[in-house]
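This briefing accompanies the sequence and the three-dimensional model shown below. Please read the points that follow with the structure at hand.

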Amino acid sequence: MHHPVRVAGVLLGLLSSIVPAASAQQSAAARDWHQQAADAGRTSAVDVEPVRGEPREAWSFDPKGEIFSEPVCCAGVVYFVGGTRTKRTLFAIHALTGEVQATKVLPEGGSVDIAVWQGTVVLNDAGVLRGYPHQKTRFSAGWSLPQGGGHVGAPLLSEGSIYIADMLGSAFEVDPRRGKVVRTGPGGSGRLAMAGEGANRSLIGLRVGPSNADSPTVRMLEVPLADFGPRCTVVRNKFLGDTPGCSSVDCVTGTRLVVMPGPKPVFLLTSSVSFAGEDDSFPGVIAAGATESDPVWMSEIRTPPAVHGDSAYGFDARGNLIRLVRTGRAVTLVASGSLPPGARPGPASVARGVLFSGNWALEIESGRVLWCRPAIRALTPAIPAGDRLLVVGTEANLILGLTDLPAGETAAVPPAPPPSGRPAPGPLPAEEDGVLAEDGRWLPGTLETLADGGVRVVGRKGNPVPLDAASVLLVQAGGRAELRGEERGVYESLAGRLEGDFVEDLVHLFQNYLSASLLADGRRLLDEAKDRGLGQDRFEKLNRLLSGQRESTEKMAKARLGKREEEVRRSARDGFSRMSSWCGKRALDAAGSALLFDAERILPDAATEAEARAFLPAGCPFGERKDAGLTFIRWMKETLPAGAAWLAAGDAAWQRLRGEPWTKETVGFRTRHLLLFTRDLDPAAIGLCLRNGEGAIRALAGLLGCGADEATSDDSRRLEVRIFKDRAEFLREGAASGLRESVAGYYSPGENVTRFYVPRGEQAGAGLVRETHRVLAHELTHHFVQAVFMKGVFEAEEKGPGFWVVEGIARFIEDQAVEMGRRGVRFDDTTVFSLEACAVLSRDGRLFDLRRFFDISQERFDGLGGEGLHHVQARHTLGTWLLSPLHVFYEQAGSLVFFLMNRAGPEGRDRFVRYLREYYEGHIRKPGHVQLGYPDVAELDRAYRDFLAGLLR
């Protein structure tokens with residue numbers, strides 16, 4: 001497969017090596033949008049599951065007037081100020097439903113900035129700091145804190161305290177519950193941000209003072225909180241630049257600080273005023289460190305940016321999307337005229353690698369536009385207010401809740417594998433005769449096999465329980481266990497039961513911590529319960545209990561509950577460990593290993609390595625490592641969801657491999673449809689390949705009508721896949737067959753083997769996932785069509801017409817399969833690159849003539865060169881692409897398959913499947929379009945080009 005080339009300096013994924021989502025910059029607690037720009041570093045990034053799919057409007061709220069503040073969200077409640085200037089109202093609305101929880105009428109005025117801590121809403125209202133505790137259905141009277149110098153900027157919340165500066169150069173630490181000033185120290189005269197964590201935090205502020213009447217100077221202060229106070233002398237003072245023609249007040253009120261975290265933080269300023277540079281003026285600067293010797297660079301970002309990994313993202317004054325890296329290098333990612341249709345520049349926010357800009361979403365590493373809602377004209381940032389939930393204020397003065405969850409569904413995104421629901425209380429599997437049911441129940445008793453393959457279990461009380469064959473995972477009788485379902489099902493059944501028990505224990509512990517006012521520990525456990533499958537509704541109800549309470553410093557209660565938490569974790573770990581051992585005794589090594597991995601995740605234990613070594617197979621290539629056992633159970637956890645079984649050293653499948661590099665450091669797996677050998681020893685990457693490979697095959701089989709879920713009886717019917725250690729190794733083995741260096745994977749029909757490598761270093765994060773999935777889906781399509789759909793038949797002539805159908809079906813499946821993770825198993829996504837590229841190429845007259853295209857042979861295809869490059873700007877995969885005639889062939893073939901499968905009716909789909917079969921049988925003759933059911937190629941050409949033109953409208 002040959003992918004088109006993107007122009008250097010344009011694509012996000014190829015320009016960056018970005019850390020994965022939920023990185024070190026986002027602690028486990030950074031899940032709420034507590035304040036302007038989310039956290040104390042003002043990064044506009046939170047750790048929640050993003051809205052990846054096309055969102056629907058979950059609710060809308062009309063404040064009966066204007067929106068006077070950016071919304072913030074804490075504990076499942078959205079807070080904002082709206083109404084009219086004479087009757088401004090502080091609203092608390094339910095994040096999932098939009099229902100009003102409480103209101104508070106505020107004094108007459110204008111815009112305000114908000115922060116919220118445990119239900120107390122703190123507002124900077126025209127220089128007066130106000131606090132209103134939210135208590136269930138009302139706001140209490142609260143407090144106000146005026147300041148002679150006037151408070152400036154949005155309140156900064158950090159570890160339970162509010163920080164704010166005034167115009168006179170002082171900063172204040174305020175207790176948000178009581179509205180009392182705790183400490184006063186230097187902080188500049190503008191907006192504040194916080195760098196670092198815990199005892200290593202530093203307050204970052206601005207000091208603005210005129211060097212002459214027309215050019216105020218801007219300096220940055222870094223004040224370690226450990227020394228914060230009126231006599232603080234540890235202040236690092238850094239010159240950032242002059243701002244010609246601006247007043248000091250404009251500099252203070254128009255500048256935002258953002259901390260790009262890391263071992264050595266970098267500070268980004270964006271401003272409505274201009275900083276003077278050597279050659280030009282810019283709306284901000286980026287400063288590495290806070291000492292005078294550290295460098296300062298100019299920045300063009302004007303909108304409030306968001307930080308992801310080592311980069312910040314925002315828009316310049318012309319509406320171009322800009323990326324800034326820690327070294328000060330700036331890249332224009334997308335020009336304003338190349339944004340997706342209806343997308344608008346605006347304040348950015350980030351959740352787990354997805355960038356939101358008001359009315360559209362972008363997957364950062366891959367450059368893929370996930371969705372766009374042109375009808376929404378955003379007035380505020382789109383804040384991730386919970387898993388798969390966005391809240392945004394619009395120019396129509398509505399607050400909208402957007403979600404990609406189906407209507408009526410509010411459950412938390414479950415972990416993998418998800419708990420199957422807590423079954424009725426009952427025993428866990430033991431040594432006696434019994435049946436393990438799909439819902440996690442262990443039914444002990446005497447067994448009777450039914451005619452349909454099901455089982456009737458008669459318990460001790462004589463009550464018969466019939467189970468149909470599909471409900472039976474394992475039958476144990478006379479000391480022997482018989483696996484009826486898949487081993488994956490056994491794991492999911494047992495893990496769901498044990499995980500459900502542990503979640504309930506975590507909720508009970510949360511309530512104990514809450515009773516002792518140990519709120520940070522309570523929130524930590526509640527977050528863990530949610531990650532393990534606690535439903536969203538229940539999570540929100542429990543989360544709201546944290547509102548309006550104050551953290552206790554009582555050490556005895558913390559020690560007592562800490563000991564109780566360890567006991568709960570020990571009990572849960574032991575439960576998983578016992579079931580791991582039970583599986584191991586029944587040769588269910590994959591299920592047992594995955595359960596032991598879960599046990600270690602709950603409570604790390606030195607004994608786990610020894611327990612894991614009981615599962616370690618002979619001949620394991622990493623068997624001599626000290627952590628071999630732990631490494632192996634991680635492999636099983638990653639590969640079990642694909643139904644994979646580890647290939648033992650003596651397995652007959654190893655006879656397929658000969659010579660270097662496969663004689664060493666290779667592991668193998670067998671799934672329902674795959675036989676996979678890999679020299680890449682990254683469990684997460686190979687687990688992904690197995691899951692995606694199985695998924696693509698089952699989807700393709702269903703599409704072509706050849707038995708999607710039929711179990712393969714032996715290896716001769718499985719598709720063999722070989723994954724190389726790296727690109728160099730992949731190219732060395734392919735060199736003998738004349739493999740082009742641009743290829744990332746290929747199917748060898750003569751050997752009936754698919755080969756590829758995981759392209760590390762060329763992509764990162766979501767980009768790596770997409771590229772790996774893309775190559776695998778493409779090559780497995782070739783493999784499946786010939787080996788399974790055609791049962792090995794390939795009689796096509798190298799010089800015969802119709803070769804487009806071979807690459808077309810692979811390109812079509814490649815495009816569609818990579819989007820199935822967020823859209824479901826569908827084949828009708830019109831935003832994929834092949835369609836967008838061909839729409840542009842058709843408009844510009846750059847597509848192949850359709851009559852000629854159908855008659856291109858494999859020999860002619862092999863001769864397509866790289867000259868005559870065409871520039872294509874896609875709408876939903878940001879970047880400028882260079883397409884050679886070879887690339888155009890791929891895209892046109894893929895788009896034609898899409899058209900025939902989705903826009904030509906049932907007859908068109910049937911004709912295409914028949915044409916595919918006839919090509920492999922060698923029956924296609926010139927002119928190739930006739931056997932496709934179109935005697936007049938002009939009719940097909942008109943319909944196809946009208947379809948493409950419609951994609952540009």
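Predicted model: local features only at pLDDT ≥ 70, side-chain atom pairs only at ≥ 80, totals over all residues.

**Local features of the model**

Ile286 has Trp297 of strand E25 as its bridge partner.

**Sheet E22-E23-E24-E25**

- Strand E24, residues 281–288, runs antiparallel to E25, and four bridges join the two.
- Both strands belong to an open sheet of four strands, ordered E22-E23-E24-E25 with antiparallel pairing.
- Strand E22 (255–260) and strand E25 (296–299) are the edge strands, and each of them pairs on one side only.
- From one strand to the next, the twist averages 25 degrees.
- In general, the strands of a sheet pair through backbone hydrogen bonds, in either a parallel or an antiparallel arrangement.

- Thr43 is located in the loop that lies between helix H1 (12–15) and strand E2 (45–46).
- Thr43 counts as buried because its relative accessibility is 5%, and the cut-off for buried is under 20%.
- The side chain of Thr43 is joined to that of Asp39 by a polar contact of 2.7 Å.
- Leaving aside residues up to four places away in sequence, Thr43 touches Ala37, Val258, Val259, Pro261, Pro305, Ala306 and Val307.
- Val258 and Val259, which are among the residues touched by Thr43, fall within edge strand E22 (255–260).

**Helices H18 and H19**

- Helix H18 (residues 885–902) and helix H19 (residues 905–920) have axes that come within 6 Å and cross at roughly 130 degrees.
- On the H18 side, the contact is made by Val897, Leu900, Met901 and Asn902; on the H19 side, Gly905, Gly908, Arg909 and Phe912 take part.
- By class, the residues of this contact comprise four nonpolar, three polar and one charged.

**Sheet E3-E36-E35-E34**

- Four strands form another open sheet in the order E3-E36-E35-E34, and their pairing is antiparallel.
- Strand E3 (56–61) and strand E34 (383–386) stand at the edges with a single partner strand each, so one side of each has no neighbour in the sheet.
- The twist from one strand to the next averages 30 degrees in this sheet.
- Three bridges pair E34 with strand E35 (residues 389–393) in the antiparallel sense.
- For Ile383, the bridge partner in E35 is Val391.

How values were computed: Residues numbered from 1 in each chain as written. Heavy atoms only, no water. Pairing = 2+ DSSP bridges. Axes fitted to C-alpha atoms, helices over the stretch in contact; angles between N-to-C directions. Buried < 20%, exposed > 50% of the residue type's maximum accessible area, 1.4 Å probe, protein only. Polar contact = N/O pair within 3.5 Å; in protein donor to acceptor, adjacent residues only side chain to side chain. Contact = heavy atoms within 4.5 Å. Nonpolar A, V, L, I, M, F, W, Y, C, P; charged D, E, K, R; others polar.
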